[in-house]
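Hi,

Here is the structure I said I'd pass on. Have a look, and my notes follow below.

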Amino acid sequence: MAKKRTNSVDFAGGPAARYLLLVGVTILLAIGLLMAFSTSSGEAVIREVSQQGQAAASQGRSNSILSLLSGLSPSAFQSGIAQMVYIVVGVALAWLISRIDYHHFIRFAAPIGLAVVAGLIAVFAFPPTMGSHRWIPLGPITFQPSELAKPVALVIAASAFSSLYTRAGSRSRLEVRDWIVPASLIATMLALIILEPDMGTTLIIGVGLAAVWLLCDLPARFPLGLGVVGTLIVGAKLMLSNDYGSNRITGFIRTWTTGQTAYQTLQAQYALAGGGLAGVGPGLSRQKYTWLTQAQSDFILAIVGEELGFLGTLAIVLSFVLILICGMRIAARAKDRLGRSLAGGAIVLLIFQAVLNIFAVTSLIPVTGKPLPFVTAGGTSLITSLSLVGIVLSVSRHGGGRPLQETTHAGSPFTRSPGGKTPRKKPPKKDRSRAKTRSKREENEHEDTIEWRWDSGAHLSGPGSRR
């Protein structure tokens with residue numbers, strides 16, 4: 001006689017949203033791995049041809065295709081193998097994060113945040129790369145602390161903002177400790193990232209923090225005001241300086257005013273146009289041979305368009321759309337504001353970064369230098385993106401079931417609440433039935449405050465759709 005399952009997990013958003021999210025991520029990882037092997041082989045061919053050409057010229061002999069292939073074999077797949085290792089490490093980290101209850105994330109975020117600040121300071125001890133202090137060389141690999149700031153700032157902000165809403169709702173006294181520590185840590189990270197300079201990462205984190213704030217039901221006027229102030233500061237910096245950031249903006253303006261397209265953008269357009277509907281075939285790109293520089297990183301979408309065609313780029317766009325829908329469904333069905341803001345903020349971070357990269361490659365906005373999540377070759381970016389997926393999966397696994405009473409979390413170093421619970425008055429016995437009705441109504445309002453849900457699977461509806 002078969003045993004009845006009693007330990008089934010009630011996933012937030014349902015199992016379909018969870019598994020379709022993983023399907024979208026898997027498609028992007030597969031395309032990214034294929035492109036990593038393709039672009040690295042192109043670089044290896046150029047390097048081997050140059051070395052063998054010089055050797056043949058010095059020895060007075062002719063070069064052959066067999067000697068080229070024999071010298072190419074050990075080095076052609078170096079970047080692809082490294083990308084495969086990063087995928088394994090990132091998937092393992094995402095699985096580990098998904099198994100941890102997201103209510104305990106803040107216990108790890110505070111010390112990791114201090115380590116990230118130390119890393120953001122340490123980058124200035126190394127020579128700049130392409131005019132920016134972003135990377136720390138660690139032997140054969142490079143480490144980018146600003147990428148790790150994304151999930152850390154997300155967790156700190158979600159914990160602080162959800163506790164802030166709870167205290168505002170219970171009208172308890174707001175301690176300085178409730179906001180000064182998380183605000184100082186996040187502001188320090190953003191200030192150091194701006195000084196690198198890395199405006200793109202600053203913008204992505206800022207949008208993610210604004211999403212977390214709004215998903216915690218806090219007033220929209222604060223992120224709008226900070227956004228206006230930040231835009232003015234960044235705009236003034238770009239206008240007064242003559243660095244690569246201002247040059248990118250002026251080059252983008254010239255593209256639409258004088259028709260003078262920047263070299264990198266022009267080569268990306270050639271690659272996208274040359275792919276046609278089905279592409280020239282995997283590994284057969286022409287633009288990756290010195291024409292399109294940074295083909296394996298910022299402009300990987302152009303190589304996808306050339307080798308896999310319009311269908312390949314469409315698969316990438318639809319995969320991100322699938323991640324957006326499933327991720328926001330998980331966030332909408334989370335049982336508390338902390339889970340909602342964590343899952344929703346992580347999805348906003350990933351999708352906004354993808355939009356920046358896709359728009360830059362297609363000449364809709366200035367080049368931002370931001371990688372395409374899951375597709376661009378690179379260790380720190382890939383591991384960070386998979387960590388954000390792990391956060392969403394943790395909310396899916398531990399955020400299902402009935403809505404919880406909003407509380408501050410006892411394990412948080414940023415909040416102070418005796419026993420971790422908000423005081424609540426007990427209704428008199430004679431009003432118990434009325435209290436039950438009011439409690440049920442408040443629970444429904446809590447679920448519908450900022451959630452989106454599918455009505456008969458046809459469309460998305462907003463607050464109050466049940467009434």
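First, the ring rule: rings of Phe, Tyr and Trp (its six-membered ring) pair if their centres lie within 6.5 Å, and the planes count as stacked when under 30 degrees apart, edge-to-face when over 60 and tilted for the rest. That gives two aromatic pairs here. One is phenylalanine 11 with tyrosine 19: the ring centres are 6.3 Å apart and the planes at 75°, so this pair is edge-to-face.

A word on the source: this is a predicted model, where local features need pLDDT of at least 70 and side-chain atom pairs count only at pLDDT 80 or more, while totals for chains, interfaces and linings use all residues. Residues are numbered from 1 along each chain as its sequence is written, and side-chain values use heavy atoms, with hydrogens and water left out.

Back to that pair. Buried means under 20% relative accessible area, exposed over 50%, and partly exposed in between (1.4 Å probe, protein chains only). Phenylalanine 11 has 13% relative accessibility, so it counts as buried; tyrosine 19, at 46%, is partly exposed.

Phenylalanine 161 and tryptophan 213 also pair edge-to-face, at 4.9 Å centre to centre with 80° between the planes. Phenylalanine 161 sits in helix α5 (residues 145–170) and tryptophan 213 in helix α7 (residues 199–215), so this pair links parts of the chain 52 residues apart (helices are DSSP runs of H or I, at least four residues, numbered from the N terminus). Both phenylalanine 161 and tryptophan 213 are buried.

One more residue to look at: leucine 277 is in the loop between α10 (263–275) and α11 (300–332). Leucine 277 has a relative accessible area of 55%, so it is exposed.

Cheers

Notes. Helix = DSSP H or I, 4+ residues; strand = E, 2+ residues; numbered from the N terminus.
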